[in-house]
Structure formats: structure tokens, C-alpha cells
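I'm jotting down what I look up as I go.

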Number of protein chains: 2
Amino acid sequence: MKIAITGTGLIGGSMALALRAKGVASHIIGVENNHDNAVKAVGLGLVDKCVELDEAIATADLIILATPINTAELLLPIILDKVNRQVVFDVGSTKKSLCDAVAQHPKRGRFVATHPMWGTENSGPSAAISTAFVQKASVICNKNDSDEDALQLVEKIYGILQMHLLYMEAGAHDMHVAYISHISHITSFALANTVLEKEKEEDAIFELASAGFESTVRLAKSNAAMWVPIFMQNRENILDVLNEHITQLRKFKSSLEKENYEYLGELIEKANGIRRILK
Amino acid sequence: MKIAITGTGLIGGSMALALRAKGVASHIIGVENNHDNAVKAVGLGLVDKCVELDEAIATADLIILATPINTAELLLPIILDKVNRQVVFDVGSTKKSLCDAVAQHPKRGRFVATHPMWGTENSGPSAAISTAFVQKASVICNKNDSDEDALQLVEKIYGILQMHLLYMEAGAHDMHVAYISHISHITSFALANTVLEKEKEEDAIFELASAGFESTVRLAKSNAAMWVPIFMQNRENILDVLNEHITQLRKFKSSLEKENYEYLGELIEKANGIRRILK
């Protein structure tokens with residue numbers, strides 16, 4: 001199968017490696033507006049070549065949208081205008097805005113809205129990993145809006161990539177990921193800024209940084225080009241959960257200020273409840 | 001060398017395993033006020049036997065304080081009253097309160113205040129790991145208050161455990177660890193409580209939780225018995241950095257509320273600066 005991937009960074013590049021390794025792709029065509037990334041993607045063997053979008057659409061059986069989500073929202077209607085038999089799926093972190101953007105498109109059925117739940121704090125073609133998606137979940141949204149054959153092809157591909165599938169409405173998806181993915185990034189960005197602001201002795205951070213600190217601050221390395229559009233598109237859900245998070249932090253602050261250590265212990269024991277969910 | 005370890009949990013147990021593996025300890029005596037943990041520590045081979053504190057002090061050449069830090073502060077003066085030639089060191093996460101507690105003790109010199117920078121979210125004897133400390137930093141505080149031979153013994157032991165040493169005043173240590181360890185735990189506890197509060201569909205958390213979420217929320221599994229005393233003893237430094245963290249989160253909130261995405265991008269790019277320090 002000839003596959004075109006628009007955006008050959010962390011997710012698109014990893015998808016390319018996995019699809020080739022699993023024998024799904026006979027040819028992989030990249031579409032990449034960043035020249036350096038295009039050269040890297042070919043050099044690293046992620047894609048066979050990079051071409052213009054129109055040529056990629058005309059050549060490919062399957063088109064994967066793996067750009068930042070604001071670009072994906074611009075590209076998807078253009079791509080759908082030009083597809084006929086082909087299938088298009090995206091891999092973005094928010095779903096509602098993209099689904100809304102093509103809800104009335106006459107070829108909406110050729111599109112499948114997906115979100116493979118994997119990522120790292122790194123970006124660009126060199127961050128791609130062939131085993132990225134193995135044993136992870138992938139969400140398919142608004143599946144009834146996709147043609148039966150398009151949905152089946154995408155389900156089959158995720159199966160070959162050894163992902164398990166979840167089905168949700170786009171709005172519910174965006175709410176859930178605000179809680180369990182997007183807020184983690186905001187707390188990590190804010191924690192990095194806190195430490196950079198307060199700790200003027202960078203040597204001390206470097207030398208003392210424990211695994212715990214690295215773990216909580218790792219996501220702060222994530223890039224703005226990917227995350228600003230996610231925060232824009234999921235603004236209301238994120239504000240909702242961010243307000244709750246600030247409220248929770250204020251409870252810790254209040255227990256310390258009032259030296260109410262019984263309450264502090266209760267807050268910690270409540271947080272330990274996450275063990276029920278994450279082994 | 002006969003070594004007594006008071007508190008045979010995550011840190012004390014790991015210390016026991018490492019000291020035996022490296023041939024430093026010929027005998028390891030546990031002191032453990034929790035009967036279940038005492039049985040486990042012997043059963044897992046962390047210690048040869050568990051005895052009362054007085055017997056341990058009388059028998060051992062070296063005494064390691066590895067209890068929660070509030071207990072360590074109670075035990076240290078009692079231990080120093082009874083030691084003669086022996087050396088005592090602690091492994092707690094705060095240093096000022098403990099150093100202050102024995103500053104005027106006639107046998108202060110037999111004590112070395114240390115903080116090996118390693119931990120996990122798990123606790124108890126079964127969480128102990130023999131390779132815990134390899135290639136990590138250990139901090140020695142107020143070294144001029146320790147006798148030369150006591151300091152040299154502890155330095156030698158950390159060297160054998162393959163740790164590199166840093167030297168600080170206790171007050172500076174407590175400030176630095178507030179920034180780069182203690183605040184990470186508070187954000188993680190608060191994040192767990194946020195998600196447990198907002199996300200009523202625990203199945204969704206379980207199925208959607210990505211590596212990023214697990215990474216930021218992992219520390220929320222840490223236990224209250226260890227952490228409440230740390231937050232108590234380092235209250236002022238932690239409140240200072242917690243206030244800054246809430247201020248930083250409010251900047252993200254404000255940029256979203258005002259839809260000022262240029263500012264949001266700047267906040268993220270500033271946070272990316274953590275890459276300078278953590279590779």
C-alpha cells in the first residue's frame with residue numbers, strides 16, 4: 001500500500017517506521033513544509049521521498065495527517081476535496097475542532113478521526129521510534145461519520161501496529177485528554193518555570209536533580225509548535241481542569257500555612273488513590 | 001564491619017543490600033518498630049536479624065538512621081548519648097532541623113548528616129533495590145561539625161556505593177531540595193487529586209493514561225508517613241516555592257483566558273530552558 005504522511009516528526013515519523021516494519025507500506029511518501037525536516041526524514045529512511053501535497057494525494061492509497069493540529073485543520077478540507085477512493089486519518093491530540101471542520105464535507109466519510117495515545121517530549125524526524133505504539137491505546141472518534149471501508153482499514157492498521165482501540169465522541173475525547181494528558185503538560189511547563197525562576201544556581205539543579213524531579217519536569221521539554229494549538233483547541237476543558245488543579249494546590253498550601261498536618265496527610269492519602277488506577 | 005540500620009524500608013533496605021553486595025558489611029542488624037517490616041526485612045535478607053536499639057548500638061561499628069525524618073530527630077540524640085567510638089549517619093531528605101537538634105550535643109562529631117539523592121514512590125522493605133544509589137549524588141551537610149574519622153568513613157562508604165559527593169550547609173540543602181524534589185511531590189499529589197476529582201470515569205483514566213501522565217503523577221503514590229514530616233520540617237522553603245508555582249500556573253491560566261497565545265508560546269519556550277540543565 002502506498003502511504004502519504006504529512007508531517008514527518010515524532011508521530012508521523014514513528015508511524016512511518018512502524019508501517020514499514022510491519023509490511024503495511026510498500027511506499028511511504030512524505031509531505032513536509034520544513035526543508036530541514038524533509039531532508040532528515042529521507043536521510044533517516046522514514047520516507048522514500050518528499051513531494052508536494054497534491055502529488056502525494058494523487059499517488060497514495062492512504063493519507064495520514066501528522067502535522068500540528070492547527071495545520072491539520074487547514075489541510076484536511078483541502079485533502080478531502082481531492083480524494084476519491086483514498087482513506088485519510090489524522091493522529092492529533094484534540095478531535096472536536098477537526099471533526100467539526102469537516103462535518104459537512106461531502107467526502108467526510110473518507111476521513112477517520114484518531115488519536116494514538118503515545119508521545120515523548122522530543123520532536124522532529126530524529127525523535128521517531130519504530131516501536132512507539134506497541135501495546136498502547138488508540139482512540140477513534142465519531143466513527144459513524146466514517147465510511148465503513150475507511151473505518152475498517154484504519155482499525156486493521158492499528159491492529160497491525162498492536163494498538164487496542166477505544167471509541168468515543170470527539171467532545172468526550174477532548175475532555176478526557178484534558179484531564180489526563182494536557183494538564184500534565186501545563187503542570188510540567190509551570191514547574192520548570194518555577195524552578196528556573198527560583199533556583200538561580202543551575203549547577204545545583206543539575207547535580208541534585210533526582211529521578212522524581214526529572215520525571216515530573218520531563219514534559220516541559222515539549223515544543224510550543226505542537227502544544228500551543230492543542231491548548232487553543234481544548235481551551236475550555238483545560239481551563240476547567242487547570243482551575244481545579246490550582247484549587248488542589250491551594251489545599252496543600254493552606255495545610256502548610258495553618259500547620260494542619262493531619263489534613264496534609266489526608267490530602268496525600270487521597271492522592272495515593274491513583275494507585276487504584278495506575279499500577 | 002558491623003552495621004546497624006534503623007528503619008529497614010526503601011532507603012534503609014536499599015542501603016543494606018548495597019553495603020552487603022559491596023562487602024562493606026559483615027553483619028547487618030536491623031532496628032524496626034514495625035513488626036511486619038522487621039519480619040519482611042529478615043525474610044528478604046536485608047538484615048541478619050532485628051534487635052532493640054540499645055543492643056544494636058552496643059554491637060555496631062556504624063549506625064545508619066533511615067527512619068522517617070521526624071523519628072530520626074527523636075532517635076539521634078538518644079543514639080549519640082550511647083555511642084563512643086561508633087559513627088552515625090542519617091539519610092533523610094531535610095537536614096537543618098536534624099543538625100540543629102544535635103548542634104550542642106557533646107558527641108555531635110560522631111554524626112555525619114547526609115542525603116543520598118535517590119528514591120522511588122514505593123516504600124517498605126520489599127521496595128529496596130541493591131543498585132539504588134549507583135551514579136547518584138549524595139549530599140553531606142555541615143561537614144566541619146563531624147569528626148575527621150567519622151566524615152572519612154562516610155565518604156569512603158558513599159564512594160564504594162559509587163555515589164559522587166556534594167557538600168553544603170544544611171540550610172542551603174533544604175532550600176535546594178524544596179525546589180527540585182519536594183515541590184515535584186506536591187505538584188504530583190495535587191495532580192492526582194485533580195484527576196481523581198474531575199475524572200469520574202476511572203476506566204477512561206486507566207485506558208487513556210499515556211506515559212506522560214504516568215510520569216507526572218508517579219510521585220503521587222509516595223506515602224504520607226515519609227512525606228508529611230518532610231513537608232513539616234521544610235515548611236517555609238516549600239511554601240515559598242509553592243507560591244511561585246501557583247503564580248506560574250496562573251500565567252498559563254491567564255494566557256488561556258485572554259486567548260493570548262503568543263504569551264502562551266513564550267511561557268512554553270521559557271520552560272523548554274530546562275533542557276539546558278536536564279539533558
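I count two residues as in contact when their C-beta atoms, placed from the backbone, lie within 7 Å. With that in hand I looked at chain A of this predicted model. Among its contacts between residues at least 6 apart in sequence, 72% join residues at least 24 apart.

**Chain A, overall**

I then checked its radius of gyration: a compact globule of 279 residues would be near 19 Å, and chain A comes out at 21 Å, which agrees. Along the principal axes, the C-alpha atoms fill a box of roughly 65 × 40 × 30 Å. Buried residues account for 54% of the 279 in chain A.

**Domains of chain A**

The domain assignment gives me domain 1 (2-168) and domain 2 (173-276) in chain A. I took their centres over C-alpha atoms and found 30 Å between them. How many residues of domain 1 are in contact with domain 2? I get 14 residues of domain 1 against 15 residues of domain 2. On the domain 1 side, helix H4 (69-82), helix H5 (96-101) and strand E7 (137-141) each supply at least two residues. I sorted that side by class too: 5 nonpolar, 6 polar and 3 charged.

**Helix H1 of chain A**

Next I zoomed in on H1(A), residues 10-21. At 1.5 Å a residue, its 12 residues should span 16 Å, and the end C-alpha atoms are 16 Å apart, so the helix agrees with expectation. Is H1(A) mostly covered or mostly open? It is mostly covered, with 10 of its 12 residues buried. Among the buried ones I noted A:Leu10, A:Ile11, A:Met15 and A:Leu17. I also wanted to know what the buried residues of H1(A) pack against. The partners are strand E1 (2-6), strand E2 (27-31), helix H2 (35-43) and strand E4 (62-65) of chain A. Just after H1(A), I spotted A:Gly23 with a positive phi of about 75°.

**Chain B against chain A**

I superposed chain B on chain A: a rotation of 180° with 0.0 Å of shift along its axis does it, at an RMSD of 0.0 Å. That is the relation of a two-fold axis. Which residue of chain B comes closest to the rotation axis? B:Thr216 does, with its C-alpha at 2.2 Å.

The contact between the chains takes 78 residues from chain B and 78 residues from chain A. On the chain B side, I found that helices H7 (170-198), H8 (202-208), H9 (211-217), H10 (224-233), H11 (235-257) and H12 (261-271) each supply at least two residues. H7(B) gives the most, with 21 residues. By class, the side of chain B that touches chain A has 45 nonpolar, 18 polar and 15 charged residues. I compared the two sides as well: 100% of the interface residues of chain B are also interface residues in chain A, so the copies meet through the same surface.

**One glycine in chain B**

Last, I looked up B:Gly43, which is found in helix H2 (residues 35-43) of chain B. Buried or exposed? B:Gly43 is exposed, because it has 10 other C-beta atoms within 10 Å, and the cut-off for exposed is 12 or fewer. I also checked B:Gly43 against B:Pro125: they are 82 residues apart along the chain, yet their C-alpha atoms are separated by 9.7 Å.

How values were computed. Residues numbered from 1 in each chain as written. Chains lettered and ligands numbered in written order. Predicted model: local features only at pLDDT ≥ 70, side-chain atom pairs only at ≥ 80, totals over all residues. Helix = DSSP H or I, 4+ residues; strand = E, 2+ residues; numbered from the N terminus. Nonpolar A, V, L, I, M, F, W, Y, C, P; charged D, E, K, R; others polar. Buried ≥ 20, exposed ≤ 12 C-beta atoms within 10 Å, placed from the backbone. Domains from an automatic or database assignment. Rg over C-alpha atoms; globule rule 2.2 N^0.38 Å. Least-squares fit on C-alpha atoms with pLDDT ≥ 70 in both. Expected span 1.5 Å × (residues − 1).
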